[in-house]
Amino acid sequence: MTDATNPAPLTSDDDWWRSAVVYQVYVRSFADANGDGVGDLQGIRERLPYLRDLGVDALWLTPFYTSPQIDAGYDVSDYRDVDPLFGSLTDFDAMITDAHALGLRIIVDLVPNHTSSKHPWFEAALAAAPGSPEREFYLFADGQGENGELPPNDWESIFGGPAWTRVPDGQWYLHLFDPAQPDLNWRHPQVRAEFEDVLRFWLDRGVDGFRIDVAHGMIKAEGLPDVGFNSMTTGQRQSELLGKGRLPYFDQDEVHDIYRAWRPILDSYPGGRMAVAEAWAETPQRLARYIGPDELHQAFSFDFLDATWSADSFRKVIDTALAESTIVGAPTTWVLSNHDRQRHVTRYGDGEVGLRRARAAALLMLALPGCAYVYQGEELGLPEVLDIPDELRQDPAFLRTGESRDGCRVPIPWSGELAPYGFGPDGCELSWLPAPATWRALSVAAQTGVPGSTLELYRAALRIRREHPALAGTTGGVTWLETEPGVLAFHRTDGATTLTCVVNISGAAVVVEGYGRPLVASEELTEQGPGHVLPVDAAAWFERR
């Protein structure tokens with residue numbers, strides 16, 4: 001077990017996060033060590049060599065804290081302990097020790113916008129009277145109407161339905177997500193002090209960074225004013241809502257005071273401790289405000305995830321992200337998939353077409369400057385699982401809206417011919433969500449060492465990204481090259497060495513020449529004269545020295 005009160009830093013490289021590749025581990029779906037059908041910390045520990053060999057720099061773990069698991073751990077009842085479903089603090093300490101020994105850093109999810117309804121604070125608030133100090137930790141309000149029978153305002157939950165639930169004494173409490181996730185009152189000084197202590201608790205255990213859940217939502221507008229439109233229409237995303245104008249529960253100016261208080265805490269620990277915001281804002285300029293030397297280190301750029309499969313869309317998103325990162329002096333973050341969004345194999349067309357495009361997009365992303373986030377299983381080319389029986393779905397949003405995120409959360413396949421494909425110990429058939437029969441060909445074992453497999457493509461690209469002088473450790477811009485319509489090409493240089501990334505979205509094969517020798521390609525290249533034929537929906541890296 002580590003000395004949790006005085007852990008040694010992994011390295012002295014305080015800027016590791018500027019060009020890192022971070023692998024998102026959805027804890028309950030990564031690896032199950034005890035055979036109960038749910039992934040756990042010991043399962044992650046046992047699979048750390050796989051992640052080292054894959055070539056990533058850090059792991060981002062989704063919440064593993066004590067929780068009723070109404071929203072897969074994003075409803076926290078104790079921020080300083082591990083839920084028994086996932087193990088113990090001893091397991092966490094052992095896992096982070098092994099990770100650091102293998103050169104892997106650990107980023108943990110922090111959920112500060114809301115707690116679980118089973119958190120001691122909220123249970124005390126329910127037991128107390130209206131107007132009591134206990135209720136001031138959350139956002140309780142009297143209702144409208146003759147007898148307070150109507151919600152305090154017109155806000156709606158992101159999970160569908162009203163954002164307010166009435167308690168027996170007649171007051172209402174706010175929950176922007178599920179009723180089991182009451183929103184905290186971040187104007188309360190004790191709330192702020194509590195989370196500053198939570199940060200120190202995990203930093204003392206050696207955590208290298210935090211992903212801040214709903215980082216834009218902790219402060220609500222004074223007076224809780226009406227939105228004035230149907231804010232949370234089923235199927236709409238936060239970015240679309242913000243496009244209508246700044247909302248009274250998102251991206252309020254005061255939220256930056258919180259991060260200005262957090263940054264000195266992070267900076268007081270050695271080894272480059274960092275934080276990345278899951279934040280949505282009305283404009284790129286407002287999103288950039290979350291980043292800087294006195295606030296957070298990164299904010300996710302979801303525009304790259306939302307780009308359509310076209311050269312124009314990708315180029316616009318890339319140019320905008322790089323321009324904004326230059327203004328604030330921070331690296332861009334590139335994301336193709338995560339635990340809240342449909343896997344990009346399926347978004348790009350599903351089947352063979354979707355996989356080809358996903359492989360090409362991976363090379364595009366990994367050639368860009370900044371930090372890349374890889375969602376578990378995307379290195380295997382996993383598609384969204386669309387046919388999960390309704391009775392097995394566990395996403396709370398499904399019960400309220402009919403929409404579900406479970407399809408991207410199915411446990412990843414490791415080996416074997418039958419589900420759950422080595423997710424648990426030998427012979428274990430338990431899995432909290434079922435994997436489809438087609439995944440036997442996509443398992444880690446089925447792809448390892450197989451030329452042209454998606455897993456080997458990722459391994460090759462990540463190795464080159466880490467070692468190549470034009471890619472490794474740099475965060476500068478890209479130089480776009482003139483190409484035929486539908487083809488993206490840019491290069492990055494280091495001295496006399498140039499690496500060029502070419503992506504063919506034109507609808508027909510193209511001949512690529514003049515960029516040097518190929519290093520890696522998402523589809524097989526064939527020589528033609530002095531150049532190479534790049535198939536449709538494919539990407540390749542070329543080197544010229």
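A: Val502 has Ala540 as its bridge partner in β21. This is a predicted model, in which local features need pLDDT of at least 70 and side-chain atom pairs count only at pLDDT 80 or more, while totals for chains, interfaces and linings use all residues. Residues are numbered from 1 along each chain as its sequence is written, and side-chain values use heavy atoms, with hydrogens and water left out.

Q: How many bridges join β16 to β21?

A: Strand β16 (residues 497-504) and strand β21 (residues 538-544) are joined by 7 bridges and run antiparallel. Strands here are DSSP runs of E with at least two residues, and helices are runs of H or I with at least four, numbered from the N terminus; two strands pair if DSSP finds at least two bridges between them.

Q: And which strands form the open sheet, in what order?

A: The order is β14-β15-β16-β21-β18, 5 strands with antiparallel pairing. β14 (479-480) and β18 stand at the edges with a single partner strand each, so one side of each has no neighbour in the sheet.

Q: Which residues does Ser522 touch?

A: Leaving aside residues up to four places away in sequence, Ser522 touches Arg359, Ala360, Leu363, Leu457, Ala538 and Ala539; contact means heavy atoms within 4.5 Å. Arg359, Ala360 and Leu363 are also among the buried residues of α11.

Q: Is α11 mostly covered or mostly open?

A: α11 is mostly covered, with 12 of its 17 residues buried. From its first C-alpha to its last α11 reaches 25 Å, close to the 24 Å expected at 1.5 Å a residue, the expected span being 1.5 Å times one less than the number of residues.

Q: Switching to cavities, what is the volume of the largest cavity?

A: The volume is about 30 Å³, and the count comes to 1 cavity of 30 Å³ or more. On a 1 Å grid over the protein atoms alone, a cavity is a set of points where a 1.4 Å probe fits but cannot get out, and lining residues have an atom within 4 Å of a point; a volume is the space filled by probe spheres set on the points, which are joined across faces, edges and corners.

Q: Which helix gives the most to the lining of the largest cavity?

A: α11 does, with 3 residues, while α10 (344-347), α11 (351-367) and α14 (454-467) each supply at least two. The lining includes His344, Leu355, Arg359 and Tyr458.

Q: What do the buried residues of α2 pack against?

A: They pack against α1 (41-54), β2 (58-61), β4, β5 (105-110) and α4 (189-204). Among the buried residues of α2 are Leu89, Phe92, Met95 and Ile96, and α2 is followed by Gly103, whose phi is positive, near 85°.

Methods
On a 1 Å grid over the protein atoms alone, a cavity is a set of points where a 1.4 Å probe fits but cannot get out, and a pocket is an open set with protein on both sides within 12 Å along at least five of seven lines; lining residues have an atom within 4 Å of a point. Buried means under 20% relative accessible area, exposed over 50%, partly exposed in between (1.4 Å probe, protein chains only).
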